[in-house]
Amino acid sequence: MTEQAGPRTSGDSGKKNALWRIFHNKFVVEERYMEPAARSGLYRTSVVLVAVGLLMFIATLVGVLASNTAPWPFDESARNWLLSVRSETLTAVMIFLAVVFGPVALPIIVLVVTVAWGFAAKHAWRPIVLAAAMLTGVVISQIILQIVRRSRPPVEQMLFGADHTFSFPSGHVLGACDFLLVTAFLVFSRRENPRAAVIGFVGAGIGIVLAALSRLYLGYHWTSDALASLSLSLMILGGVIALDTWRTARIPGERITGELSKADAPGD
């Protein structure tokens, strides 16, 4: 029995080492080569997104505070138009969208996507960035909600139960924007086909519009709430692009510090 203990221990140790290598490799960031102009373009894009998002948010916030958190004339006009087009069929569709992008279903979707992506991909950098971006959006929105404390539209106009919490910004819209935009970037930034990237971001834009419309149609938010959420998401997306580019993008002549080179960079 003593003679058998050695091989078994050695085998167990080998399995542990193999499992450790798999676990360790998951958290090695994949790095990739690109042309200097392409990397500079990514940095410029991140700066533009942050600047545009910041200006949009400041303009929206100033307008909301100047009106003493009351709805803008445009908010009222948009709400009145949406009230005029309500129907049973459209209401059912909007409720479905609100549930999908809501505080219960969307976190589950994000969790499933990040976990599945983390297991399927050779490295877990991008799923981790996605999860961090989503968490950042939640924290920022909750802080702003408590600072601005803007009231929602009248409760009697809400079609999916009363909600007495604050409305600025819209958590549903911010979550949808972060999930769709950040996912589109993390997926299509590794593709060389620009047409696929365009299709991906167009699809993300459609999803964002639908998420915003559902909240406005159902009577839970003002249009300016949705604009504030979009502006915050643009800043988060800009931050993600800058972080991902800084950590993963290398130009010819720079050293690859991760385990992947341009030749074997994953397509997942």
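In the predicted model, V182 touches L130, A133, C177, L237 and V240 when residues up to four places away in sequence are not counted, a contact being taken as heavy atoms within 4.5 Å. V182 is also listed, together with L130, L181, F185, L186, L237 and V240, among the residues with the most contacts inside the largest nonpolar core, which has 31 residues. Such a core is a set of buried Ala, Val, Leu, Ile, Met, Phe, Trp, Tyr and Cys residues joined through side-chain atoms within 4.5 Å, where buried means under 20% relative accessible area, exposed over 50%, and partly exposed in between, with a 1.4 Å probe and protein chains only. At least two residues of this core are supplied by each of α2, α5 (105–120), α6, α7, α8 (194–217) and α9, and the largest share, eight residues, comes from α7. Apart from this core lies another, of 13 residues, including A98, F101, A176 and A211. In soluble globular proteins, nonpolar side chains tend to be buried together.

The model is a prediction in which local features need pLDDT of at least 70 and side-chain atom pairs count only at pLDDT 80 or more, whereas totals for chains, interfaces and linings use all residues. Residues are numbered from 1 along each chain as its sequence is written, and side-chain values use heavy atoms, with hydrogens and water left out.

The protein chain contains nine helices and two strands, defined as DSSP runs (H or I, at least four residues, for helices; E, at least two, for strands) and numbered from the N terminus. Along the sequence these elements follow the pattern α-β-α-α-α-α-α-α-α-α-β. Of the 268 residues of the protein chain, 42% count as buried, and residues 24 or more positions apart account for 85% of the contacts with a separation of 6 or more.

Two packed helices are described by the angle between their axes and the distance between the axes. Here the axes are lines fitted to C-alpha atoms, for helices over the stretch in contact, and angles run from 0 to 180 degrees between N-to-C directions. Helix α7 (residues 171–188) packs against helix α9 (residues 223–248) at an angle of about 30°, with the axes 9 Å apart. The two helices are therefore roughly parallel to each other, given that angles under 35 degrees count as roughly parallel, over 145 as roughly antiparallel, 65 to 115 as roughly perpendicular and the rest as oblique. The crossing of α7 and α9 is right-handed, a crossing being right-handed if the near helix is turned clockwise from the far one by less than a right angle, and left-handed if anticlockwise. On the α7 side the contact includes V173, L174, C177, D178, L181, V182, F185 and L186, and on the α9 side the contributing residues include A226, S229, L230, L237, V240, I241 and D244. By class, this contact has 15 nonpolar, two polar and two charged residues, with Ala, Val, Leu, Ile, Met, Phe, Trp, Tyr, Cys and Pro counted as nonpolar, Asp, Glu, Lys and Arg as charged, and the others, Gly among them, as polar.

Helix α9 also meets helix α2 (residues 36–66), the axes coming within 8 Å and crossing at roughly 155°. That angle makes α2 roughly antiparallel to α9, and the crossing of this pair is left-handed. The residues of the contact of α2 with α9 divide into 19 nonpolar, nine polar and one charged.

Within α7, A176 is buried at 0% relative accessibility. Leaving aside neighbours within four places in sequence, A176 is in contact with F101, L106, I208 and A211, and its C-alpha atom is separated by 9.3 Å from that of V100, 76 residues apart along the chain. A132, in helix α6, is partly exposed, with a relative accessible area of 40%, and the C-alpha atoms of A132 and V240, 108 residues apart along the chain, are separated by 9.3 Å.

S141 lies in helix α6 (residues 125–148) and is buried, with a relative accessible area of 5%. Beyond neighbours within four places in sequence, S141 is in contact with P169 and L174. P169 is placed in the loop between α6 and α7 and is joined to F168 by a cis peptide bond with omega of about 0°. The loop between α6 and α7 also holds R149, which has a positive phi of about 55° although it is not a glycine and, at 45% relative accessibility, counts as partly exposed.
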